[in-house]
Each structure stands twice: as C-alpha cells, then as structure tokens.
Amino acid sequence: MIRNISEQRILNVDLTSGQTWVEDLPREELFRFLGGRGIAAKILYQRVNAGIDPLGPENVLIFSTGTLTGTSAPSSGRSSVTCKGPATGLYLKVSVGGHLGAELKYAGYDHIVFSGASERPVYLWIDDGQVEIRNAHHLWGKGTRETDRLIKEGVGDEEVQTAVIGPGGENKVLFACIMVSLYNSASRGGVGAVMGSKNLKAVAVRGHGGLRVAEGEAYFDLATRMRQELAEDAGTESLYNWGTSGSIPGLNEMGMLAAYNFNQVTIEGAERLSGQHLVDEGYLTGRESCFSCSTACHRYVRSKSERYGDVNDSGPELETVMALGAECGIVETEAVLKANQLCNDYGLDTISMGHVLSWAMECYEKGLLKGEAEELDLRFGNADAQLEMIRRIAFREGKLGDLLANGTKRAAEEVGHDSWKWTIQAKGLEQSAVDTRAAKSYALAFAVNPRGPDHLMTETYAEFGFTEESRALIRKITGDERYANPTLLDKRAEIVRWHEDCYAASEALGFCVFTSTAAFAVNPENMAQLFGHALGLEFSEEELMLGGRRIVTVERCFNAREGARRKDDHLPWRMMNEPVPEGPNQGMVTDREMLDRLLDQYYELHGWDPETGIPKQKTLEALSLLELCGDVAQLRVGIVGSAN
Amino acid sequence: MPKVTLRLFGFGDRADRFREETRAITHGATVRSVWEELRTTTGQEELLARIDEGAVLVLINGRPIHQLEDWQTVLDNGDKVTILVKAFGG
Amino acid sequence: MRLRTLSIDAQKCTACRACELVCSYHHEGVFSPFLSRIRVVRLHGSNVPVVCANCARPACVEVCPTEAIRIDRDVGVVRIVEEECIGCGECITACPFGAADFNEEKGVAFICDLCDGEPVCVSNCIYGALSFQPVRSVAQGKRRVTAQLRLASQESN
C-alpha cells in the first residue's frame, strides 16, 4: 500500500480480548502534535487514568514512528515507545533507532497502541494489512538475539524487523529495555517491564508499502541538501569515526568522567573505554546507520578473551562505558564489552544497570551489603562480580538480585542508613553519567525531565560552546555568545526550554537529536519546511517549536495529574550536596538554592505555577490544550487529585 | 624559563595514542604561539601538522580555552595544556 | 557495450538505505525500498548493496517473452519498456542476482537503468560505498590494490 504521509493510522491491540482495530488520526491532531512522541503523549494522557499501576493491564504501551520516518529525510528513522513508567510512576517516553519504525510505516501504520494484558505469552506479527497475535510460549525465557532469530525462522523471512524483550522484561526488572532491530535499545525507565507485564514478548513487522509526500520535489531537494550538510558536519564525522564513546578522553581531561559512583570524575586508564581504542585495537568490526541516517554512530564490535569469552555484538555507547565501566571502577575493554552484551541479550538498560551496580559496590565497600555481596566480593573494579550480578538481576535470582532489580531508589529503602544519598537517581530513575554539578543547563534539564534525570529528553550540549555552531545557537537563544558557558546560572532556563522544544519536535518528526542539537544541519527551520512539504501546508519554525512545547506541556500535565510537583524536580542527592572532588570543576555543586533559582526562571518562562510547577490555565489556553489537559489547571487549588 | 606540560591525544598514527611532553615557553607565550610552534616542529605526516584549528579542542588545566581568552590566553609556568581532536558523544 | 558501471564497496556501506529511498523516489515518486532498483542486504553486522550488474549477456533479456527488456548501448544498461511488460516475472526468476523485482501496483517488473547515466543512489551515498565509473577504471583500481597487497606481503616476508 502506498499512502500519503499526512494520513496517519493507529493500530490498536487489546491484549486482554485479543481484538485489534485500526483508526485514522484526524489531520488537525497531526498539525498540533507533529507526530511520533507528540501523538503518543496525547494518547497516553487520554487513555491512562491517574494512579494506575504501571505494570497492570490499565497501562498502555505505545510504539510511535516519526512523521517523516520512512522518507529520505536524513536521520529521520527514529521511533518512540511511550507508557506510564514503572521506575518513576510518571510519564515515560523512550526514543530508539534501527529500522523498525520505517518497516512499520511501510506496513501501513504510524502508531501501535497496546492495552490490557495477555494471559499467556504472545507476540504481535504484522505482515502488511494482516495483524495476528501469536503464541510466544516457545520464545519466553529466551534472550533477545535468540528470540529475534526464532521469530524470523518462524515467519520465514530474514528481513523482518523486531522489538523484543529478554528475561529482564519478563521478570519485570524495573530498568528492563526493549531491543529493537536486534542491536538498538529502547532503554530507559523500564519500558521492557511494561511489555513483560502485558505478556508481550515481541513485535515483529514486515511491510511492503511506501509513502507519498505532498510536495515531492521540494521535499526531496531539501532532504538531499540536509543530508549533504550533515555529512560535512564535524560533529557527525567524530561520531562516524569513534562513535559516542569518542568523547571519553576529553571528558577525562576535563574532569567530567563520572567514576566510582560519582566519587571521582576521572579514572586511570580511561582511554581503554574510548571509541578511539575500539578502533585502534581492532575491536571495531563495523559502523552502522539507523534507517536513513547520515551519521552511522552505531558500532559493531568483536572481542575474544579467555576470561570473558567471545563477544560479537553491537558496540557500547558512551553512557554504557561510563556506567558499566568507569562508574563501577572497571576500565578493562573486554569486560565492558561483555557486560554490554549481557545487558543487550537479557534486555536491560545499561545506564541504570551500571548505576545500580556502582551503588551496590559503594554500599558493599561501606559495609552495608553482606551475604551474597560478600561472597562475590562486590567491590569497585571486580568485573567478574559485576557480570554475575547482571545475570542474577535479569532473573531476579537470590535476595540481592531481586533487590537490585527494583533500581536504586527502592533498594536504598531496604538497605537503609545513608545509602539513599549514594543513589545516583531522582524520581526513581538512575541519572546518566553527566556531571550535573558542573553544567547548569544540564542540571536544570535533568531536574525537570518528566521521565527522570537523564540527557536523552533534553541534552543541552550547546551550552559548552565547543563549536562555532554551538556558540551561534546560544547566541540565537540568548542574544549573547558569552552564555555558552555551563557554569553560569543566567539564561539556563531559555537554553533548556529551546532544547526541550527542539527535542520534542525532532522526535515527533523522527529525527535523531544528535543531528539537531549536537550537529546542527537539521534545525527547526528546515524541519518545519520538510514537515510543510510533507503535508502540503505552510509551516514555520515558530509553529514547529510551539508544537514541541505543546508536547512538553502535555507530558508535564501527565505528571502533575499523577501528583508530581515542584519538589520532585530535583537532582540526585550527591549532585546537590557533594561538591566535585577534584579537577577543574573542583568544589562545584548544584545545591538547593541554585536549583531553586533555575526552577523559578524556568517555570516563569513556561508559564507554570512557581509553587507547584503545574502549567497555569492561561498557559494551557495559549497552547490550545485546555480541552485535553484542562483538568490539571484545577489541581493547584486542590479541586481534583492531591499532591503526594 | 617557564614550562608547560603538553598532553596530546590522537595525533600519532593511532587515534587512541596519548603522548605527554614538557616544553619550555617564553614569558607571555599564548596558546596560539605554542600551537604554532608545535605545528612547525611536527612532521608533516602527522595529523597535528595538518588538522584544521577548528577541529581541535584545547584545554588549559582541563578548562576549554573558549571559556578563557581563547587562543590568546597567556600560559603560566606549570600549566597543563591538553590538545584533542574534537569529539561529540551523548 | 558498457561505458560505466555501478561499483560497490560493501565495506563502506552502513545500511542507511538512503540509496533505496532516493531510487524509489526518482523512479516512482514515492519512498519505498520495495520499489528501489538497488537494495541493501543486511547480514548481522555486514551490509551489502545489491543492484543490476548490467550483464553483457543479460539473462533477463534472453527470457523475456515480449522482448520488453532491451539493451541500451548508449547508456550501457538494460531497460524494461513498461508498456510492453506483461508482468510474467520470468526476468525476476532468471536474474542470478535478484536485481530485478516487481511493482505490484503497476503490474510490471523493474530493473536498474542507471538513471540514464547519472545514478541518484551514487550521488546520495555519503559513505562512499557506491561509485559510478568506467569498467576499465574499476579493474585498474582493483589491480593496483592487488599489487600493493602483494608487495606488502613480500616486504613483510
């Protein structure tokens, strides 16, 4: 089926009844919410009532493709997975690359909304117009790679695209991920556990259709120009050469390489975790693109060692080598590659896994964990203990594995004493390994991030001003290049809000945020033009960014309805109370007073109530969100719901 | 004579190669003058001699020079000057 | 007969599949890998673009019952005349590379026509996996690589 890009179709799958049905998305909704992440946020808001159990059948799980996914727009192949998150009890959106989104588009769908829960393990098989809920009994308990293989064998097609959970998701580990197209991970917040709670082992898609845009020539020409510009961008060149972990040497030199559960900010031997090292030592076997991508930052690696066996897998990302490597005091390349492979195969988020283990290591070294931790000698740097714990966590094996499978916030409640202070988490999500003490836009962005503190909802890379392009962007946002300085508090709200808008818009359209906020060849202006050409309407940069803000605001409203308030917008305790111990940023911290100042500026800029952080009625009105989210404007005066 | 420590990343025949050297500088030497000198004393076959200035990240004691006086920053005795090929990772 | 050929360096292919998208758009006005004349086959970490080899004695031409596939000597390609194609699929079966495929909507087979001498896949391959060059240059380039490898192995012995 060849269809117009503006005619979006939603596939509904009720796993309780086994019913599936397709509905058309009204065009005006696409204009308002831009697509992908935006449509998903709206659906989530409408279909999930406040207070439900994220791991119960009342939760929905939404796979959304970007509006431009499947076209020649460069780096536009990303998808979102959205639900109420089990780690935080709040809004959760995870972005993922690979080829699944495009495949789903060609099969004739833009979104899949799963509701209910199946009684037995199943997987969804989409073969163009034919949709079937199939028995997954033979797949349950299998790793993600084996599951992918068995599905392809079962349907007799090697080119099927899959989204799969491993034992982690089956066992509802609160940081279980979904592996997409085998090697890409929809990682954070426990999306895999939600899938597991629905007894949904996998989604497999094959589509043979195509997409038509309204203004073909204009669209095609602009997309081609953007691809060329991206290819020439210095940022994408380093991503191609070394992948995301190419920044390891620089981070270590700048004293921003989180190590030993953030007790250090440099680590001896850091270069062995770097993308440069993977290339030079011959671990790298290939560079891989997501669908239609002009960067190819994804890696394939291979290693053989007596101690860790053979690894032949996708390569570790920067956050993976920081969390599983430096944070756990491990710089041995083969060990980290092995840990990454285990997480991928069990279907576990490497960022949370690293920080769960680094926290456990600190607890053990401080004498708070006994028993199994002692038997394994779970100290920093012990790779064997780490690998064993990854397995136990995936299967919730033993008391410790079961405890840690719930993430650091819940585990600290059990372990007690001061151990909560060492959890690198807020809202229940482990923070990515960015030092939010020394970069204030990052600090603010992480604190207000609706899914918890990480860089993958709003990364404000430009504030460092490393490149001429980043400094130009800061000038555009704030009027002055001197604000390209991460230690300043002024203008951080403006910088964060711009990036939020841009992220939301990028992800609604399907663009990888690396191309719009780290490299800049994809930018709000040309995204808006492409969107306009695709749908056949005039669309401005301002409208696009406003669409992004509408998405961000719905996400905020979702959390407000769940009871989240200003007090929940904070950073991990260590980031707010323990100054950077060494290096050029020594002494820096983002304390309560600083954060309050940042929050005041940010809420005011957004038109959110400074006391509660809830969007004001007039703000919702200005974004034409009163009809959808009007209920939250009442929360402030205590008419509906209550602050927890 | 004042001295600085140069920490060079990725400028040899391998991207992960690191080398460190101590270099005497004149009073009032800037990042620019040390960079120029380094370039002329490096063999043409090395990336360091050819790379575009915009593609390198220079840190003084871990701080990026664009947060200081950029290439005109004056170096002090004992400064640690790091030069890397720029890389983004997220 | 061939002037220039589409040369593939699979080592450089990252499976971004931009070639498939620009090809289907150029020929059919839509984005659909299934209408692309060039296809990237992904094999767990390796990616291989597959496209018409423009054989000197093309099997597709030989088997076509309506003689709808013809050799265009000016450009050096085989061409399917859509009006004369009856959609029997003989060419798809006969092609040893899987380079011919079927457009279900139109009911005709399709095959790479090198975009009349300016292949859009090549100009849009930012990774340098595709190039369009004289057959003689391809052979010469490969000979030079072979020679360098032999020399290196002699020197190391």
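The second largest pocket has 42 lining residues. Nearest its centre lie B:Gly54, B:Ala55, B:Val56, B:Val85 and B:Lys86. A pocket here is an open set of points on a 1 Å grid over the protein atoms alone, where a 1.4 Å probe fits, with protein on both sides within 12 Å along at least five of seven lines; lining residues have an atom within 4 Å of a point. This is a predicted model: local features need pLDDT of at least 70, side-chain atom pairs count only at pLDDT 80 or more, and totals for chains, interfaces and linings use all residues. Residues are numbered from 1 along each chain as its sequence is written, chains are lettered from A in the order in which they are written, and side-chain values use heavy atoms, without hydrogens and water.

What classes of residue make up the lining of the second largest pocket? It has 21 nonpolar, nine polar and 12 charged residues. α8(A) gives the most, six residues. Domain 2 (243-423) and domain 3 (440-635) of chain A both contribute to this lining, so the pocket lies between them.

Now the cores. A nonpolar core joins buried (under 20% relative accessible area, 1.4 Å probe, protein chains only) Ala, Val, Leu, Ile, Met, Phe, Trp, Tyr and Cys residues through side-chain atoms within 4.5 Å. The largest has 179 residues. A:Ile390, A:Ile393 and A:Leu404 have the most contacts inside it. Helix α20 (residues 492-509) of chain A gives the most to this core, nine residues. A second, separate core has 37 residues, including C:Cys23 and C:Val40.

Methods. Buried means under 20% relative accessible area, exposed over 50%, partly exposed in between (1.4 Å probe, protein chains only). Helices (H or I, at least four residues) and strands (E, at least two) are DSSP runs, numbered from the N terminus. Ala, Val, Leu, Ile, Met, Phe, Trp, Tyr, Cys and Pro count as nonpolar, Asp, Glu, Lys and Arg as charged, and the others, Gly among them, as polar. Domain bounds come from an automatic or database domain assignment.
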